[in-house]
Amino acid sequence: LASSVQPVHRLVQLARLLGLGGLAGLLGAGALVPIVGISAGLATRTLEGFESLPVTLRTPTLAQQTVIEAANGSVFATLYYQNRINVPLRSVAPIMQKAIVAIEDERFFEHPGVDIRGTVRGVVSTLTGRQVQGGSTITQQLVKQILVTSAADAADAASAIARTPARKLREMRYALALERKFTKPQILASYLNIAYFGAGAYGIEAASRRYFSKRASELTLPEASLLA
């Protein structure tokens, strides 16, 4: 127990820095001490690494379709690196917005970018050795997609999706910063435009046209549920 006090202290500091009062309380009260199986050095490096991370994340310009028209206005060709059509949130059916929140992050409009319940669950699962879990919010998923899209090479892209505590801490740091800079609707719109929906469709508008031959604003409940 004595050997666990120092790492717990560092984790309490980290939890407080993240604004996770519930997790800090559990750690401080000793509720999770028996399962903290990491060294004091690792806990210290984790906190110091988190504090040294930048708090700004540059959002990239997303690749979209390029439409070439003939002289009479008809579409001659559609070219793209990623099949995407960016749309504002008002052009996405409300039921689609609700569906993605329900399936991906039901407390999206309540948390500050990091979901305390999901994070506590992930920390407990990770520390007990079952598996590395993240409890990622929509904002955290947006951060991951931005990092992947902005990756300079394959190594950067792999780092952005690595299932490691270090990557999750960076993701959480950026998510908290994004929530302070943008509104929830702006974050949701960005996520819907950057996410990959399969079959070569990037973003909700391209996905809606790919699967249902209609605009995202026209999606019905069954269609929205399937895409979500």
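What follows is a working chat about a predicted protein model.

User: What does the secondary structure come to, and what should I know about the model before reading on?
Analyst: The protein has 11 helices and four strands, where helices (H or I, at least four residues) and strands (E, at least two) are DSSP runs numbered from the N terminus. This is a predicted model in which local features need pLDDT of at least 70 and side-chain atom pairs count only at pLDDT 80 or more, while totals for chains, interfaces and linings use all residues. Residues are numbered from 1 along each chain as its sequence is written, and side-chain values use heavy atoms, with hydrogens and water left out.

User: How much of the protein is made up of buried residues?
Analyst: Of the 228 residues, 41% are buried, where buried means under 20% relative accessible area, exposed means over 50%, and partly exposed lies in between (1.4 Å probe, protein chains only).

User: And how many of the contacts join residues at least 24 apart?
Analyst: Among contacts between residues at least 6 apart in sequence, 62% join residues at least 24 apart, with contact meaning heavy atoms within 4.5 Å.

User: Why is H9 largely enclosed?
Analyst: Helix H9 covers residues 184–194, and eight of its 11 residues are buried, so the rest of the structure largely encloses it. The buried ones are Lys184, Ile187, Leu188, Ala189, Tyr191, Leu192, Asn193 and Ile194.

User: What do those buried residues of H9 pack against?
Analyst: Their partners are strand S3 (83–84), helix H4 (94–104), helix H6 (138–150), helix H8 (165–181), strand S4 (201–202) and helix H10 (204–212).

User: At what angle do H4 and H9 pack?
Analyst: The angle is about 85 degrees, with the axes 11 Å apart; axes are lines fitted to C-alpha atoms, for helices over the stretch in contact, and angles run from 0 to 180 degrees between N-to-C directions. H4 and H9 are therefore roughly perpendicular to each other, on a scale where angles under 35 degrees count as roughly parallel, over 145 as roughly antiparallel, 65 to 115 as roughly perpendicular and the rest as oblique.

User: Which residues meet there?
Analyst: Gln97, Ile100, Val101 and Glu104 in H4 meet Leu188, Tyr191 and Leu192 in H9. The residues of this contact divide into five nonpolar, one polar and one charged, where Ala, Val, Leu, Ile, Met, Phe, Trp, Tyr, Cys and Pro count as nonpolar, Asp, Glu, Lys and Arg as charged, and the others, Gly among them, as polar.

User: Are H6 and H7 roughly parallel or antiparallel?
Analyst: The axes of H6 and helix H7 (residues 154–161) come within 8 Å and cross at roughly 170 degrees, and the two helices are therefore roughly antiparallel. In this contact Lys144, Leu147 and Val148 of H6 meet Ala157, Ala160 and Ile161 of H7, which divide into five nonpolar, no polar and one charged.

User: What is Lys144 in contact with?
Analyst: Leaving aside neighbours within four places in sequence, Lys144 is in contact with Ala160, Ile161, Arg167 and Glu171. Lys144 is partly exposed, with a relative accessible area of 25%, and its C-alpha atom is separated by 9.3 Å from that of Lys168, 24 residues apart along the chain.

User: Changing topic, how much space lies in the second largest pocket, and what lines it?
Analyst: About 250 Å³ lies in it, the volume being the space filled by probe spheres set on grid points that are joined across faces, edges and corners. A pocket here is an open set of points, on a 1 Å grid over the protein atoms alone, where a 1.4 Å probe fits, with protein on both sides within 12 Å along at least five of seven lines, and lining residues have an atom within 4 Å of a point. The lining has 14 residues, of which Thr59, Pro60, Leu62, Ile146 and Ser190 lie nearest the centre. H9 gives the most to this lining, with five residues, and the lining as a whole divides into eight nonpolar, six polar and no charged.

User: Where is Ala199, and what is its phi?
Analyst: Ala199 sits in the loop between H9 and S4, and its phi is positive, about 55 degrees, although it is not a glycine. Most residues other than glycine have a negative phi.
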